[in-house]
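I opened this model to look up its salt bridges. My notes are below.

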Amino acid sequence: MADFGFNDHHQNEVINYMRFARSKRLLRLKTIDSCFQDLKDSRLVEETFTVDEVADMLDGLQVVVRGEVEMELINTAHTNVLLLRQLFSQAEKFYLRLQTDISELENRELLEQVAEFEKTDFKSNSKANQESSKPKLAPLNEGGVSELLNKEISRLQEENDKLKSRLRTLESQAMSALDEKTKAERALKDLQKIQGDQQCALHAQELCNLEDTVAAMQADFEKSLNANAVSQKELQDNLVSAKHDLLRVQEQLSLAEKELEKKFQQTAAYRNMKEILSKKNDQIKDLRKRLQRYESDE
């Protein structure tokens, strides 16, 4: 059995404090485990993730775990202050002046002895301590530590359930907005593709007709050249004129295509699609801000 120079009463007080510290430590570890489990349940719903998505999930988890660890360290420091306050208050009643040596708190040999004491003496004396009277230095006069911890656990669990419900609601809204945005983009692409196919088919038919006309004129020109040499120049002029007409028609078709595209962009359907996409983008930005605010609050 490790010996720290305590009498039986003081050793029991030390064991009671170690039991309290261990229960707080286990509670905080369970909270940290639940943070990882919440991330798995709420975010790991897809097969693959991008680097940015993984980094975002890790950043959020880092904030939550860091907050839990920081809270536990702060609570531990404050608990130690309250314990010292109780000791000093009792010493003052007997006109004693207690002194502390901060350097001893980092004494590795003593820390190892405390760890060994927790493994051996704490387990062997746990049953005897449960039957002993209430400790004089207990933080509460009635109810003890168990009642306080049970209330704190119940409060934290209820708050955690509420936060999980809010997170599921926000994620559902975000997924719905993304689905609507995807459907709107797909509908816009289909509409543009239909308009483009119709215009291409019309232009192809007109070009085919013009090519047939030129081919017919070339055939007539060859026949006339063989039959009548006098009309050769006139046919050549007609051919050049026809080619000029073909170029002019092609230029007009190009202008008409640009005009059709410009008119399509000015149609009510195009403007409605564009307005829907803009609203969906605004909703997604708003939901992302709300998610970031929620993660920061948590």
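These entries cover the salt bridges and the exposure of their residues.

I noted that this is a predicted model, in which local features need pLDDT of at least 70, side-chain atom pairs count only at pLDDT 80 or more, and totals for chains, interfaces and linings use all residues. Residues are numbered from 1 along each chain as its sequence is written, and side-chain values use heavy atoms, with hydrogens and water left out.

Entry on the count. I found eight salt bridges in the structure. The term means a side-chain nitrogen of Lys or Arg within 4 Å of a carboxyl oxygen of Asp or Glu.

Entry on helix 5. I looked up Glu-158 and Lys-162, whose closest N and O atoms are 3.8 Å apart in a salt bridge. Both sit in helix 5 (residues 144–227), four residues apart, so about one helical turn separates them. Helices are DSSP runs (H or I, at least four residues) numbered from the N terminus. Glu-158 is partly exposed at 46% relative accessible area, and Lys-162 is exposed at 52%. Here buried means under 20%, exposed over 50%, and partly exposed in between (1.4 Å probe, protein chains only).

Glu-180 makes a salt bridge with Lys-280, with 1.9 Å between the closest N and O atoms. This pair joins distant parts of the chain, 100 residues apart: Glu-180 lies in helix 5 and Lys-280 in helix 7 (residues 268–297). I recorded Glu-180 as partly exposed at 39% and Lys-280 as buried at 13%.

Entry on a network. I also saw that salt bridges link Arg-28, Glu-68 and Glu-72 in a network.

Conventions. Helices (H or I, at least four residues) and strands (E, at least two) are DSSP runs, numbered from the N terminus.
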